[in-house]
There are 2 protein chains.
Amino acid sequence: VRPAPDLPPVEERPVLPSGFAAGGTSAGIKASGRPDLGIVAVTTARPAPAAATFTANLVQAAPVRLSREHLAASGGAARGVIVTSGCANAATGPAGDGDQAAIAGALAAALGCGPAETLCASTGLIGTRLPVDAVRSGIAALVPGGLRADDAGLEAFATAMLTTDTRLKAATTTVVLPSDDDVSRRPVRVSGVAKGVGMMHPRMATMIALILTDAAAEPALLASLLRDAVAATFEQTSVDGDTSTNDTVFLLASGAAGVGRLRSGSPAAAELGAAITAVCRSLARQQAADGEGATTLITCRVSGAADLLDARAAARAVVRSNLVKAAVHGRDPNWGRVAAAVGAAMRPDGTPIALDPTTLAIGLAGTAVFSGVPLPFDAAAVAAAMDAPELLVEVDLGRGQAAAEAFGCDLTEAYVRENSAYST
Amino acid sequence: VRPAPDLPPVEERPVLPSGFAAGGTSAGIKASGRPDLGIVAVTTARPAPAAATFTANLVQAAPVRLSREHLAASGGAARGVIVTSGCANAATGPAGDGDQAAIAGALAAALGCGPAETLCASTGLIGTRLPVDAVRSGIAALVPGGLRADDAGLEAFATAMLTTDTRLKAATTTVVLPSDDDVSRRPVRVSGVAKGVGMMHPRMATMIALILTDAAAEPALLASLLRDAVAATFEQTSVDGDTSTNDTVFLLASGAAGVGRLRSGSPAAAELGAAITAVCRSLARQQAADGEGATTLITCRVSGAADLLDARAAARAVVRSNLVKAAVHGRDPNWGRVAAAVGAAMRPDGTPIALDPTTLAIGLAGTAVFSGVPLPFDAAAVAAAMDAPELLVEVDLGRGQAAAEAFGCDLTEAYVRENSAYST
């Protein structure tokens, strides 16, 4: 699958931008003893401008509600981010809110800032309480002695976020932006880490991801860039159609690269936005590829849509379809399921997309299989081409110029086993 | 699970109302040689008033489009219904339309009526052509010699509809309505047969079902009663979240019971409506229980909703959730997944339902597990109670008086195998 146009290239590794320190530890939240607590601290003199998007689920976890409050109270300024895994702290009532506030207080004390300058996210089982004393001990172990201002620190943080993930998810890119003096230009780093990989069908939000940059920008601009990036990437990703109670994306800008503060609408702001989108897109694809039980990353690329909402809805419908996902697992070029999924696609307001079956075209793994009528094709050859870690499904609606993509994975017996045999 | 209130009792067997004859045969559409062609004929002097609901999928099968045209042309009058299984005749272009018209012509000639007085439905693989000559031979074998005016005829018809279904789906009930003389009352029969069981997530429509009654009613009244019944039953059923290209429900009223023609808004019309709803509900539950790979029928009953749309959306969200379905398969009382599903429920216009986590309550298999906060409960005992052919999930939104139910099934390794190993 070729990269999306107009986006800078991305490397899939954790690279810490300047102005941050990070680390992770095993606090004892997970019974397995695996890492379950990560902290990122801002090391510049002033707190970092910050923005976030959160789940649209009405049953919102305590850390989601607390982070939202803190961002509002601080005006979008953050000193530190804490992520816990193994317990979602969702549907835990007032006691869960108290737990999260206590943790924020402990982190703020350790960092020497106010609680409103901390952000938090958590992931894991819904309905269980966080072991606050264990988390406090974990914070004491990490701040300041356990944090590192290098890539290994970010890797430790990213590792501590994981639950049923089988691998770390990281992405990084650089853009060259005007420096403070407005004459020369300097490189700016944009990096992100994320976790997936079940209860994943982000809506107006996404799973947990943290995007860091050493660019300089106001919170309002960061929020605008993040919203556009999330809509094109995380919100176009589905593992199982289930929208989490804990979806969270944070974006922090340390300003430590020494570049000028970006103005909204400027070419440099657009360049930073493309970098953020590129990092989010890479993370979303890594999440989908590591979807619970998955063996194949599905990319659905829709073109010829009447507008962007139609294109996104059609692409999402394909990667969400259980029947398409099962066919991909079986390497079955059953394009009728793609046609059925696109035909049932709905825009966010519940109305159908603009679609005429006579102008609809479908391609599987590079082979055209339908164009208003079924096309003759070599089913064995397409099945063989589908037997790969990644599959491209192309859909042309033939109704306009808009295009979009979405990311998903195949549906396997292993997904069912993983989600029926264990409480996750 | 107790029966829905205000509905007459239903028996799960095929009982043919008076005024109809039915039969089924193996025409050779299915390579297996199993029955694949069913016909119901109207035996009264005049064609039967008829109504239908069809899939909202924009990629509509040829039989869906042709039946819609015929109903409009005939003003809602039908002489016969033909159902073919093994081939959906969807996404087949103009050639598929020609095939379906040829079949309608053959059926009309055999029944001695105009083509517009025939209705058709089909189910099976998308994108393949119907073998028209084989279907013509099947029609010749059935009409008139192979049709029977008894329950065995309806059973043969229902058997010929099945694809991946493991059992026949039939339901019947009676209501006593005013007779022609408006003094005495007579029994009226309402019967239905249906097929499931994959690509099943009916929207503005349902999978293939045929409802027959010997009551007398105008097409407009039938359409109104059918719409209400389908909205409360088939549209509240999901096997895999995939909306078919072929969903069709027909309702035919022979009038042969000798009761008076029902007036819209009359108590007798409401009684017939309840009988139709009871039959549709039974069929929908039989479809969900026989969902591909399923071992457990899930009924989600939502109460305390602000309005009916909220109640239906919440109940549907629960039975659609892959994670809830997998937890039910594992007999895991993981109520957090129910909370997450309800929290992400959307009304038909894409807006969230009215939900406040502090007034939300959840019950599993009769045990209260959440009421604003997690409740202590005996997980082993609830897991044991979940190990049954049917599970009741109760959700109280605590926001109003509206209630609704929805039907689904567990997600199993067998579902994945069935839908990845074979083109269906």
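The crossing of helices α5(A) and α6(A) is right-handed, the near helix being turned clockwise from the far one by less than a right angle. The model is predicted, with local features requiring pLDDT of at least 70 and side-chain atom pairs pLDDT 80 or more, while totals for chains, interfaces and linings use all residues. Residues are numbered from 1 along each chain as its sequence is written, chains are lettered from A in the order in which they are written, and side-chain values use heavy atoms, without hydrogens and water.

Helices are DSSP runs (H or I, at least four residues), numbered from the N terminus. The axes of α5 (residues 219–232) and α6 (residues 267–289) of chain A come within 9 Å and cross at roughly 45°; axes are lines fitted to C-alpha atoms over the stretch in contact, with angles from 0 to 180 degrees between N-to-C directions. In α5(A), A:Leu221, A:Leu225 and A:Ala229 meet residues of α6(A) including A:Leu272, A:Ile276 and A:Cys280, contact meaning heavy atoms within 4.5 Å.

Between chain A and chain B, about 4,400 Å² is buried, 59% of it on carbon and sulfur atoms; buried area is the accessible area (1.4 Å probe) lost on putting two parts together, summed over both. A:Leu58, A:Asn322 and A:Leu323 supply 14% of the area that chain A buries against chain B, more than any other three residues. Zero salt bridges are counted between the chains, a salt bridge being a side-chain nitrogen of Lys or Arg within 4 Å of a carboxyl oxygen of Asp or Glu.

Key
Helices (H or I, at least four residues) and strands (E, at least two) are DSSP runs, numbered from the N terminus.
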